[in-house]
Amino acid sequence: MTTNDPKIVMTGIVRLSYLNCWEPKSIQGSKPKYSASIIIPKTDTDTLNKIQAAIDAAIREGVGKFGGKIPPKGALKLPLRDGDIERDDEAYANSMFVNANSTTQPGIVDANVNPILERSEMYSGVYARVTLSFYAFNTNGNKGVACGLRNIQKIRDGEPLGGRVSAEAEFTPFTDPFATPSGGDDFLS
């Protein structure tokens, strides 16, 4: 990725949760958006440092939205959050996360940069690289930096998140105890 915009970040390999990349969804009557929770391992300091730098750049660029002054970070709603503190979910353990959204559908490609068209290929739990954009906001007195979802590159499959289990994992082969043994008479005939 070549961009000179310090507010755009390409992550390392992250895990996607609450993935909504095919159809925009409205939350509490808001404008429908595509979205994902981007789970970043705390060991991926390169991605975390890039995100911190992008947040700082968004604050500097958005100074007009903050009344011409850069407020202390503690006074702003910031997108990078600690999974160990804010989520009671094993998928977020030892990780940071950002919730990203967009009114425009993200581009979705595989590891070889071929478009993914099959919806079943993208689900909560996949591992991917993601491009994100950070921007300042000041809405109804709420000030901060938000995270936009740009594009997704699926790297590999992962265990599905959200409690959904495949039918193959949930069932074993079934033998009907009332089935007629081979060569025997059917009791219903």
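The model is a predicted one, in which local features need pLDDT of at least 70 and side-chain atom pairs count only at pLDDT 80 or more, while totals for chains, interfaces and linings use all residues. Residues are numbered from 1 along each chain as its sequence is written, and side-chain values use heavy atoms, with hydrogens and water left out.

## Strand pairing

Strands (E, at least two residues) and helices (H or I, at least four) are DSSP runs that are numbered from the N terminus, and two strands count as paired if DSSP finds at least two bridges between them.

| Strands | Sense | Bridges |
|---|---|---|
| Strand 6 (residues 107-109) and strand 8 | parallel | three bridges |
| Strand 7 and strand 8 | antiparallel | 13 bridges |
| Strand 1 (residues 8-10) and strand 7 | antiparallel | three bridges |
| Strand 2 and strand 7 | antiparallel | two bridges |

Individual residues show how these pairings are laid out. Phe 137 has Gly 144 of strand 8 as its bridge partner, and Asn 138 stands opposite Lys 143, also in strand 8. Strands 7 and 8 form a hairpin with two residues between the strands, and there Asn 140 takes a positive phi near 50°. On strand 7, Leu 132 is the bridge partner of Val 9, and Tyr 127 is the residue that Arg 15 stands opposite.

Ser 133 has its place in strand 7, and with 19% relative accessibility Ser 133 counts as buried, a term that means under 20% relative accessible area, whereas exposed means over 50% and partly exposed covers the values in between (1.4 Å probe, protein chains only). If neighbours within four places in sequence are set aside, Ser 133 is in contact (heavy atoms within 4.5 Å) with Lys 7, Ile 8, Ala 146, Cys 147, Gly 148 and Arg 150.

## Nonpolar cores

In soluble globular proteins, nonpolar side chains tend to be buried together. A nonpolar core is here a set of buried Ala, Val, Leu, Ile, Met, Phe, Trp, Tyr and Cys residues joined through side-chain atoms within 4.5 Å. The largest core holds 34 residues, and Leu 16, Ile 38, Met 122, Leu 132 and Phe 134 are those that touch the most other members. Two or more residues of this core come from each of strand 2, strand 3, helix 1 (45-61), strand 5, strand 7 and strand 8, and helix 1, with six residues, gives the most.

## The largest pocket

On a 1 Å grid over the protein atoms alone, a pocket is an open set of points where a 1.4 Å probe fits, with protein on both sides within 12 Å along at least five of seven lines, and its lining residues have an atom within 4 Å of a point. The largest pocket holds about 830 Å³ of space, a volume being the space filled by probe spheres set on the points. Of its 27 lining residues, Ile 27, Ser 35, Asn 99, Ala 100 and Asn 101 are the closest to the centre. Strand 2 (14-25), strand 3 (33-41), strand 5 (95-102), strand 7 (127-139) and strand 8 (142-156) each supply at least two residues of the lining. By class, the lining has 13 nonpolar, eight polar and six charged residues, where Ala, Val, Leu, Ile, Met, Phe, Trp, Tyr, Cys and Pro count as nonpolar, Asp, Glu, Lys and Arg as charged, and the others, Gly among them, as polar.

## Exposed loop residues

Gln 28 is found in the loop between strand 2 and strand 3, is exposed with a relative accessible area of 84%, and has a positive phi near 50° although Gln 28 is a residue other than glycine. Asn 94, in the loop between helix 2 (83-86) and strand 5, is not a glycine either and has a positive phi of about 55°; at 56% relative accessibility Asn 94 counts as exposed. Ala 75 lies in the loop between helix 1 and strand 4 (81-82) and counts as exposed at 52% relative accessibility. From Ala 75 to Asn 101 the separation is 26 residues in sequence and 22 Å in space, C-alpha to C-alpha.
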